[in-house]
Amino acid sequence: MSTFKVVVSNIQQITPLIKQFSFIREDGASLPPFSGGSHVVVAMNINGRLHRNPYSLMGSPQAPDTYHIAVRLQEHSRGGSAYLHHEVKVGSQLEITYPNNLFALDKRARKHLLVAGGIGITPFMSQIEDLIRTKANYELHYAYRSQDHAAFTSALKEKCDERVHVYVESERQTIDLKSLLSKQPLGTHVYVCGPNAMVVALIETARSLGWPENHIHSEQFLAPPSGEPFKVKLAKSNIEVHVPAEMSMLEAIEAAGVDAPYSCRGGACGRCELEVIRTDGVLVHQDHYLSEADKAAGKKIMPCVSRAKCHSLEINL
């Protein structure tokens, strides 16, 4: 994907575990426009290895002079969140992709129901700006673990007033998804971003209540899991790549100098989908994109988050 260089213009400690980073273009030009729900991929050279992580853009899409992202320090960070929290300072230079939107608001909706969990609040920060600007009907339901995880709550309450509802897990407050989804008017679209359990529960509840599939929207960027090392043969490139235990297949392919397609790098968009020619083991699917039938067929794989439990895998790249 095309990239450009940015400079970190500001860093704010939002909670003990969350920092907000602001970027401006290194060349002083205007930043590319984006819409609510967009993300960028940030490239970071960490000890000689290139890491690329997706982050949702926050702030107003109508003010593209500065980009804002929020990053939670992960307990078992593969490097990206720890690097941003501990190494990146104001004035640091980074490289990012142009914005891409896999979580856009459906402008046909009569009402927008936003459901966020933890750091999953980030894509809604820009969506809310769009909703306020267009005077759309919406409400936000935001759940987080404790007050130490309450990112942007004060700003959201000030901006959204009675449209925002918060739930604090440590105070035994939870979202009653069945009740919430049951009372929505016809024409409502629901959007969810947060932990996997929340995303799955909301989608399953909406489906059980008869919500149209195209009225249910979700986003969740997955971190590539570690696993057993294996070898990947690239049929078109005619090379063999070793995939270490701690590196994703996509990262290993890129490290070998092969330009592989990608967009979200989190198993959501399908852009990096590759054809599996053969394997002497089994595929370990981790993405949210392929259907269960596709996964069972074993002919496709998303190398950004999925891998194989095998000695050798051959793909059409």
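**Notes on the cysteines, the cores and the mixed sheet**

1. Let me start with the sulfurs: the sulfur of Cys-272 lies 3.7 Å from the closest cysteine sulfur, in Cys-304, which is too far for a bond. The cut-off applied here is a pair of cysteine sulfur atoms within 2.5 Å. By this rule the count of disulfides is zero. Cys-272 has 4% relative accessibility and so counts as buried, where buried means under 20% relative accessible area, exposed over 50% and partly exposed in between, with a 1.4 Å probe and protein chains only. Cys-193 is buried too, at 9% relative accessibility; its sulfur is 12 Å from the closest cysteine sulfur, in Cys-264, again too far for a bond.

2. A word on the ground rules. This is a predicted model, in which local features need pLDDT of at least 70 and side-chain atom pairs count only at pLDDT 80 or more, while totals for chains, interfaces and linings use all residues. Residues are numbered from 1 along each chain as its sequence is written, and side-chain values use heavy atoms, with hydrogens and water left out.

3. Now the overall picture. The chain has seven helices and 19 strands, taken as DSSP runs (helices H or I of at least four residues, strands E of at least two) and numbered from the N terminus. Its radius of gyration is 20 Å, close to the 20 Å that the globule rule gives for 317 residues, so the chain is as compact as a globular protein of that length. That radius is taken over C-alpha atoms, and the rule is 2.2 Å times the number of residues to the power 0.38. Of the 317 residues, 51% count as buried.

4. Which residues touch the most other members of the largest nonpolar core? They are Met-249, Ile-253, Leu-313 and Ile-315, out of 28 residues. Such a core is a set of buried Ala, Val, Leu, Ile, Met, Phe, Trp, Tyr and Cys residues joined through side-chain atoms within 4.5 Å. Two or more residues come from each of strand 13 (230-234), strand 14 (239-243), helix 6 (249-255), strand 15 (274-279) and strand 19 (312-315). Helix 6 gives the most, with four residues. Apart from this core lies another, of 27 residues, including Ile-128, Tyr-144, Cys-160 and Tyr-191.

5. Five strands form an open sheet in the order 14-13-19-15-17, with mixed pairing; two strands pair if DSSP finds at least two bridges between them. Strand 14 and strand 17 (300-301) stand at the edges with a single partner strand each, so one side of each has no neighbour in the sheet. Strands 15 and 17 run antiparallel and are joined by two bridges, and Glu-275 stands opposite Lys-300 in strand 17.

6. Ser-248 sits in the loop between strand 14 and helix 6. At 3% relative accessibility, Ser-248 counts as buried. Beyond residues up to four places away in sequence, Ser-248 touches Arg-78, Pro-224, Val-243, Pro-303, Cys-304 and Arg-307, a contact being heavy atoms within 4.5 Å.

7. Finally, Ala-43 is in strand 3 (residues 38-46) and, at 18% relative accessibility, counts as buried. Ala-43 and Ile-96 are 53 residues apart in sequence, with their C-alpha atoms 5.9 Å apart. Leaving aside neighbours within four places in sequence, Ala-43 is in contact with Leu-50, His-51, Arg-52, Leu-94 and Glu-95.
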